Amino acid sequence: MGAKDSTPFYQPPDKVPLPPANAEVLTTCCDYCIVGCGFKVYRWPANAPGGGPKKNQNALKRDYPLKPLEGGWVGPNQYTQATYKGKLYNLVVVADPDAKVVNVGGTHSIRGGCIAQKVYNPQKPTQDRLRQPMVRVNDILMPVTWDFALDIAAEVSKHVIREHGEDAWAMKYYSYQFFENTYALTRLALKSINTPAIAEHDHPSKVDATPGWTDIGYDMFAPAYEDYALADCILVSGTDPYETKSNLWEYWFLKGIRENNTKLIFVNPRKTTGVAYAEKHGGLYLDIMPGSDTPLYMAMARIIVENGWEDQEFIKNWVNNFWETDSGFGRGTRNTPWQWRTTWGMFQVNGYEDWKKWLLSQEESKPEVAAKIAGIDPKLIYQAAEMMAKPKPNGQRVKTTICIEKGCYWSNNYLNTVSIGNLGIILGCGGRPGQAIGRLGGHQRGGSNGGPYPGMKSPYKVPGRRRLELDVDRWLESGHVRFAYVVGTTWIQAMAGSSALQDAFKRYTKLNPHQVRTLDKQAIIDTLKKRVDSGGLVVVNQEIYLRDPIGKQYADIVLPAATWGEEDFVRANGERRLRLYSKFCDAPGEALPDWKIVSMFAQKMGFEGYDWKDSNDVFEECCRFSRGSRKDYNAIRVIARRKGMRAHDFLRTYGTTGLQAPLLIDGDRIVETKRLHDYNRKDIPDTGPEGATIHNKRLLAFNTHTGKLNMLKSPWKYWSDFYVFMQPRGEELWVTNGRINEIWESGFDDYARRPYTQQRWPENFLEIHPEDAKARGIESGDWVAIESDRVPVQKELNLGVKDGEMWFDGLMKRGHITLASGQFTAVAIVTPAIKKGVAFSNFLNENAPANTITPRVPDPITNNYRFKIAHGTVRKIGVSQYKHRFDQMTFARRDIV
């Protein structure tokens, strides 16, 4: 093997300038994962000299070279150039080396460490940013003016709403972006148009991710990051924070392990670095089969209550009895999902003792039965229960924290979140240092609703007087969507059963006879009106890059958006900490921030109240609509005005520390919230917060009408029919998916534009157990095809009338399920880190999406997808170029520490 077989094709520069002492310094945060690490941007003119190695010679005020891993290091991926107000500047973007919160001391992930390369630079791989509006003519996207593009979008929108109804006008948008943008978008869709056909980027409907916790009363982002360092034991379900939330692991989890002897219990079918490290330090690993979580948590709970290890004082004080659960509803129809789920008997219990009686009567709660379903040794369940709940020798309770992510709630959505929520209740989780329960999170929390969801307009009903939010994917595939406004999301590949969804887009756009053949604006409008009137679809895609296929193939209009670094924005992280993300460079070409595009679009449609002058105007308006939420930040606007400041400028003064919401006002002081449900909290005045803010129930109690927690049933029968169908048959394997450390989301602006990351992961991959690989003649480096010809897709409109019709067997019987096919290719990685009988792939590779084989049958209780449950055959189709070379891709195990 020669040198050419092992020489990396990416050769980074070996020298970058240090910011001079007089460089401008701006604060921002990483744009990627939920952790939201604080960053600083150093900006100075391109023709000015850089700084020197002495701390009085550079803006970071440090002596270089630094010690290994010392904060303040500036590397090639942290330097770029960009224009600001039309002039060229040098930019250094580094994690704040002086950070006192979140990424203490300036740590960062591989994603955040390269974020300077996200900045538009025509000399770098970001050169393909969208720079001007485009309209598709003769199947070619042609540049046009903003007025030209938005006049067409507005006229077709008005026609669709007038002739086909507001539910024919749909929006699919990001929920991870910034408050200013999500507020503007949802104000248009929910308040002005009032459409029920709206869904966030990772759901088919406008629903929450952990509805079981919502019904119980737990807020999914209640903990503070420090809780993970204060716990005696942490149960981590469906994720590895090392892989997906690097600095949460590197600082807070490791601080607990090293300083507090915290023990971790991981529940996942795949062993990764964090799992291996936890095991090495006294932790436990339960390698369950996908989708088997509910019996596992029921069995853990059973062991705890049979041994009397439950937190009896917490249960006595903070669990509802039957009348408390049922109180306050009167005799109405209880159409909202949380009302009918908690009070119509299917899941409701008569307090703790009734729940305990129900639990002990369930066959699946027996540890041996649960272990068989999960494919693990029952001894592991007993061991986990002891670690979490058995009192210490001195009689003290173990401080246990529970955290979950998508591997848990994106399989058996409702029952998994209910069962692990019940486990949290009996362990006393919630509101105390080191005894918390929450999501670890995926993206950052920038969602802001500009209007209420019109639930009564949704046609989706289940037995009884109960409604579910409209399933936009199914609505579109059934031909009911005539105008789709798609903002900041890879809609097709990101959704389950993506091959069938792509077929629907193609059918209603490209295959419709009414195609634009001219640049005459009125003729374009007339043609697109004819298309929607004939049952076709018009697509407007608003993005930073042209995405395939939603923008590249199907969009009639493409609108260029500005993004991180190109406008002042505000967003929260996973512990509800708000920071200002400063503007430090120009957007490319004519690209505009999403709020501004919405402003122009809405005004052309004739709606009032969209005449914002800048992003601060939008932020100050949406502040008042945050009141009462977990991110209540209205205090920023109130105090800023008292000081004669703009809200953005006031928040800017808090730098990378920011403010931890919900925020309260006490005189001229803002009172922050470290964790929610903190019933021992003492810093709120006896008279309550000042009137401009709301005394949120979540502050001192739980998020139910009584302030206490609802215990709920989690009957396995409501999942088992679907689970039986999804079980691998013959040569099939379970095929699950998830994130990996080096790539953010679909790789839309890191994987595709980072030479180092492309070198590390040039293709999608499939981890497969050695025994499964041997049986199929597969070795690491082989090309494999993953296929399924029985991908269940729920079709058409389903009106549930009788009990049983909404469950999978009932849907099959009534013809509401069709079986589609799906396939993708990947490079095999043979590793014992994946459970036998299970294969694992990256969750959203644009060119080889795993979602082609995931079932598009949402949880009938919640309308959430089951992304982590799929089956398929795996066969070798050839040998990749990476099998015998070392310059790209590695097949090293990820469970080595």
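## A cavity between domains 2 and 5

The second largest cavity lies between domain 2 (134-195 + 450-564 + 591-604) and domain 5 (717-883), because both give residues to its lining. Keep in mind as you look around that this is a predicted model. The second largest cavity holds about 280 Å³ of space. Its lining is made up of 21 residues, and those nearest the centre are His-201, Thr-489, Ala-494, Glu-745 and Leu-844. Sorted by class, the lining of this cavity has eight nonpolar, seven polar and six charged residues.

## The largest cavity

The count of cavities of 30 Å³ or more comes to 12. In the largest of these there is about 400 Å³ of space. A total of 30 residues line the largest cavity, and Gly-238, Thr-239, Asn-268, Gly-407 and Asn-737 are the closest to its centre. Helix 6 (241-244), helix 16 (406-409) and strand 24 (733-738) are the elements that each give two or more residues to this lining.

## An open pocket

At least two lining residues come from each of strand 4 (87-95), helix 6, helix 7 (246-259) and helix 29 (755-760). Which element gives the most to this lining? That is helix 7, with five residues. By class, the lining of the second largest pocket has 13 polar, 11 nonpolar and nine charged residues.

Seven of them form an open sheet with mixed pairing, in the order 6-5-18-17-16-7-8. Strand 6 (140-143) and strand 8 (198-200) are at the edges; each has a single partner strand, so one side of each has no neighbour in the sheet. On average, neighbouring strands here are turned by 20° against each other, direction ignored. Strand 16 (residues 483-487) and strand 17 (residues 538-543) run parallel and are joined by five bridges. Opposite Tyr-485 you will find Val-540 of strand 17.

Helix 2 (residues 146-164) touches strand 5 (134-137), strand 7 (169-173), strand 16, strand 17 and strand 18 (557-560). The direction of helix 2 makes about 125° with that of strand 18. Helix 3 (residues 179-193) packs on the sheet too, touching strand 7, strand 8 and strand 16, and its direction makes about 160° with that of strand 7.

Six strands form a closed barrel, running 24-28-25-27-26-29 with mixed pairing. From one strand to the next, the twist averages 45°. Strand 25 (residues 765-768) and strand 28 (residues 838-842) run antiparallel, joined by three bridges. Here Glu-767 has Phe-840 in strand 28 as its bridge partner.

Key
Residues are numbered from 1 along each chain as its sequence is written. This is a predicted model: local features need pLDDT of at least 70, side-chain atom pairs count only at pLDDT 80 or more; totals for chains, interfaces and linings use all residues. Side-chain values use heavy atoms; hydrogens and water are left out. On a 1 Å grid over the protein atoms alone, a cavity is a set of points where a 1.4 Å probe fits but cannot get out, and a pocket is an open set with protein on both sides within 12 Å along at least five of seven lines; lining residues have an atom within 4 Å of a point. Grid points are joined across faces, edges and corners, and a volume is the space filled by probe spheres set on the points. Helices (H or I, at least four residues) and strands (E, at least two) are DSSP runs, numbered from the N terminus. Ala, Val, Leu, Ile, Met, Phe, Trp, Tyr, Cys and Pro count as nonpolar, Asp, Glu, Lys and Arg as charged, and the others, Gly among them, as polar. Domain bounds come from an automatic or database domain assignment. Two strands pair if DSSP finds at least two bridges between them. Axes are lines fitted to C-alpha atoms, for helices over the stretch in contact, and angles run from 0 to 180 degrees between N-to-C directions. Contact means heavy atoms within 4.5 Å.
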